[in-house]
Amino acid sequence: MSDLENLKISLLAEIAEAGDEAGLEAVRLSALGKKGSVSELLKTLGGMSPEERQSRGAAINALKTEVSDALAARKTVLRDAAIEARLKAETVDVSLPVRSSPAERGRIHPISQITDEITAIFADMGFSIAEGPDIETDYYNFTALNFPEGHPAREMHDTFFFQPDENGERKVLRTHTSPVQVRTMEAQKPPIRIVIPGKTYRQDSDATHSPMFHQVEGLVVDRKSHVGNMRWILEEFCKSFFEVDNVVMRFRPSFFPFTEPSFEVDIQCDRSSGPIVKFGEGTDWMEILGCGMVHPNVLRAGGLDPDEYQGFAWGMGLDRIAMLKYGMPDLRDFFNADVRWMSHYGFRPLDMPTLFGGLSS
């Protein structure tokens with residue numbers, strides 16, 4: 001048996017034994033690579049006589065062709081086997097429902113949605129958004145808002161106090177968003193038209209109260225603002241927010257240190273449907289916010305002359321009006337991070353509230 005025949009038998013056996021395409025490629029390189037066994041034989045043809053080259057060259061080229069054909073055939077077999085194994089390992093259950101996209105699965109928290117809805121309403125009326133720090137000084141949280149030192153009105157709020165600093169002063173977690181009113185008056189001159197959404201903190205917790213909750217306040221300051229302007233703004237807000245054509249409101253005298261006169265505002269509604277309250281109809285009444293004309297002492301604290309300027313302000317709980325509008329029974333659910341609750345009450349992320357397209361469409 002010649003050396004070519006032995007080499008052919010050896011190479012064909014290696015090709016047949018290759019278990020994957022990587023192993024087969026190693027056999028190819030050992031035979032037909034730059035320094036492979038068949039390639040080395042082809043290099044010897046240059047030193048042969050014409051007669052030897054004719055016979056020997058034909059035999060070596062025949063070996064190269066046979067090895068190449070065997071490699072191609074084995075590669076096809078291995079590739080088909082790999083595809084079949086992958087199909088078995090990566091089977092798909094076509095009976096499973098198609099997964100929705102992240103934009104479909106994700107949900108906007110109701111508080112974020114309510115904030116966007118209120119922003120859309122008041123922006124259409126020419127208001128801008130104002131913000132302030134959650135950690136406030138006693139001055140901005142109380143004194144500048146006409147809560148004198150030791151005044152009983154300070155007991156209206158169950159306040160979270162920090163430890164006294166080196167000067168003996170205790171900062172607080174703000175109990176309302178009203179400090180932003182004074183900060184805004186200090187920073188800009190009238191006319192002022194702002195709404196102030198944000199977090200507030202009080203030591204209270206039950207189905208309708210939370211130690212951390214959200215409020216939104218509004219402030220208008222100019223030379224001619226009056227209660228009639230305030231009533232119109234609040235009526236237009238309630239009609240847009242609750243998406244009804246008409247609302248009936250009543251103003252009851254009340255007390256807030258930072259407004260004078262002060263009012264509690266009730267809106268006519270129908271409570272016969274359980275947790276869902278229908279506004280714009282019915283014979284029941286529900287308190288939704290407090291408001292009043294800005295107290296002259298608050299204007300002075302903001303650096304304004306109450307003989308020249310006057311204004312009005314109002315405030316309401318974002319969480320509470322969300323519960324009223326969307327029928328949510330327990331405030332504590334807002335902060336439990338329950339995915340099931342979010343899936344039910346949350347809003348689709350790409351549906352931005354607009355007055356022309358619907359606030360909660």
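Q: What should I know about the numbering and the model before starting?
A: Residues are numbered from 1 along each chain as its sequence is written. The model is predicted, so local features need pLDDT of at least 70, side-chain atom pairs count only at pLDDT 80 or more, and totals for chains, interfaces and linings use all residues, while side-chain values use heavy atoms, with hydrogens and water left out.

Q: How many disulfides does the structure hold?
A: A disulfide is a pair of cysteine sulfur atoms within 2.5 Å. The structure holds zero.

Q: Is Cys-238 buried or exposed?
A: Buried means under 20% relative accessible area, exposed over 50%, and partly exposed in between (1.4 Å probe, protein chains only). Cys-238 has 0% and is buried. Cys-291 is buried too, at 2%.

Q: Which residues touch the most other members of the largest nonpolar core?
A: A nonpolar core is a set of buried Ala, Val, Leu, Ile, Met, Phe, Trp, Tyr and Cys residues joined through side-chain atoms within 4.5 Å. The largest has 46 residues, and Ile-118, Leu-234, Cys-291 and Trp-314 touch the most other members. A second, separate core has 23 residues, including Tyr-140 and Phe-258.

Q: What is Leu-234 in contact with, leaving aside its neighbours within four places in sequence?
A: Contact means heavy atoms within 4.5 Å. The partners of Leu-234 are Met-249, Phe-251, Val-265, Leu-289, Cys-291 and Trp-314.

Q: How many salt bridges are there?
A: Side chains of opposite charge can pair when their charged atoms come close. The rule asks for a side-chain nitrogen of Lys or Arg within 4 Å of a carboxyl oxygen of Asp or Glu. The count is 17.

Q: Where do Glu-84 and Lys-88 lie?
A: Helices (H or I, at least four residues) and strands (E, at least two) are DSSP runs, numbered from the N terminus. Both residues lie in helix α4 (residues 50-89), four residues apart, about one turn of the helix. Glu-84 is partly exposed at 47%; Lys-88 is exposed at 61%.

Q: Which side chain meets that of Glu-243 in a salt bridge?
A: That of Lys-325, at 3.1 Å, N to O. The pair links distant parts of the chain: Glu-243 is in the loop between α9 and β7 (249-256), and Lys-325 is in helix α11 (residues 318-326), 82 residues apart. Glu-243 is partly exposed at 39%, whereas Lys-325 is buried at 15%.
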